Amino acid sequence: MTKGPTLVIEVVKATNLQNKDLFSLSDPYVVIKISEGKQSEKTSVIDNCLNPEWSETFRFPVQSELISAQKKMRPLVISFKVKDKDTLIDQTLGSAELAMTPEEIIKCAEMHTYLLHLRGSSTSAVLEVKIRANEFY
Ligand SMILES: [Ca+2]
């Protein structure tokens with residue numbers, strides 16, 4: 001049981017992803033990282049799909065990240081990278097970041113939906129995520 005603030009992040013879905021596979025469609029999954037990348041999680045891979053729906057929820061205990069963000073007067077950065085699963089090297093289909101101040105996180109008790117436009121995508125792809133903060137896990 002982890003005490004302290006926890007970020008609850010649901011990766012809902014992506015729309016209009018770029019196709020990077022030659023003979024089929026991309027096989028997307030999402031990598032989530034908190035701040036300097038000490039914590040990361042990934043969704044499952046959805047084969048052959050440009051509009052994947054994951055609806056997967058992850059919990060990140062962020063007490064030490066919040067303290068360090070407060071000290072450095074910086075927001076906490078949550079980064080999302082959508083990748084295409086391949087046999088050799090997984091290519092990036094697009095990425096997005098969300099910066100939240102410690103105050104915003106503490107106040108974020110209800111689920112907020114964010115529509116993130118993916119950088120590096122030639123197809124104006126959008127990633128939908130939901131975020132809320134729990135005081136205790
Ligand atoms: Ca692939």
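User: A residue is called buried if 20 or more other C-beta atoms lie within 10 Å of its own, exposed if 12 or fewer, and partly exposed in between, with C-beta atoms placed from the backbone. By this rule, is Ser124 buried or exposed?
Analyst: This is a predicted model, in which local features need pLDDT of at least 70 and side-chain atom pairs count only at pLDDT 80 or more, while totals for chains, interfaces and linings use all residues. Residues are numbered from 1 along each chain as its sequence is written. Ser124 is found in the loop between strand E7 (112-117) and E8, and although this residue is not a glycine, its phi is positive at about 45°. With 11 other C-beta atoms within 10 Å, Ser124 counts as exposed.

User: What radius of gyration does the chain have?
Analyst: The radius of gyration is taken over C-alpha atoms, and the globule rule is 2.2 Å times the number of residues to the power 0.38. The C-alpha trace spans about 50 × 25 × 25 Å along its principal axes. For 137 residues, a compact globule would come out near 14 Å, and this agrees with the chain's own value of 15 Å.

User: What share of the contacts between residues at least 6 apart in sequence joins residues at least 24 apart?
Analyst: Two residues are in contact if their C-beta atoms, placed from the backbone, lie within 7 Å. For the chain, among contacts between residues at least 6 apart, the share joining residues at least 24 apart is 62%.

User: Which residues touch the most other members of the largest nonpolar core?
Analyst: A nonpolar core is a set of buried Ala, Val, Leu, Ile, Met, Phe, Trp, Tyr and Cys residues joined through C-beta atoms within 7 Å. Of the 28 residues in the largest one, those touching the most other members are Ile9, Val30, Leu76, Phe80, Val82 and Leu127.

User: In which order do the strands of the open four-stranded sheet lie?
Analyst: Strands of a sheet pair through backbone hydrogen bonds, either parallel or antiparallel. Here two strands count as paired if DSSP finds at least two bridges between them, and the edge strands E3 (39-42) and E6 each pair on one side only. The pairing is antiparallel, and the order is E3-E2-E5-E6.

User: Which residue of E5 stands opposite Val30?
Analyst: E2 and E5 run antiparallel and are joined by seven bridges. Pro28 stands opposite Asp84 in E5, whereas the residue opposite Val30 is Val82.

User: How many residues lie between E5 and E6 in their hairpin?
Analyst: E5 is mostly covered, as seven of its nine residues are buried. This strand pairs with E6 in the antiparallel sense over nine bridges, and one of the bridge partners is Thr92 in E6, which faces Lys83. The number of residues between the two strands of the hairpin is six.

User: Within what arc do the buried residues of H1 fall?
Analyst: An α-helix has 3.6 residues a turn, so residues three or four places apart point the same way. In H1, the buried residues are Glu65, Leu66 and Ala69, while Gln63, Ser64, Ile67 and Lys71 are exposed on the other side. The arc is that of the directions from the helix axis to the C-beta atoms. Seen down the axis of H1, the buried residues line one face of the helix, because they fall within an arc of 100°.

User: Against which elements do the buried residues of H1 pack?
Analyst: H1 is followed by Met73, whose phi is positive, near 55°. The elements against which the buried residues of H1 pack are E2, E5 and helix H2 (102-107).

User: What distance separates the C-alpha atoms of Lys38 and Glu65?
Analyst: Lys38 has its place in the loop between E2 and E3, and this residue is exposed, with 10 other C-beta atoms within 10 Å. Lys38 and Glu65 are 27 residues apart along the chain, and their C-alpha atoms are separated by 9.4 Å.
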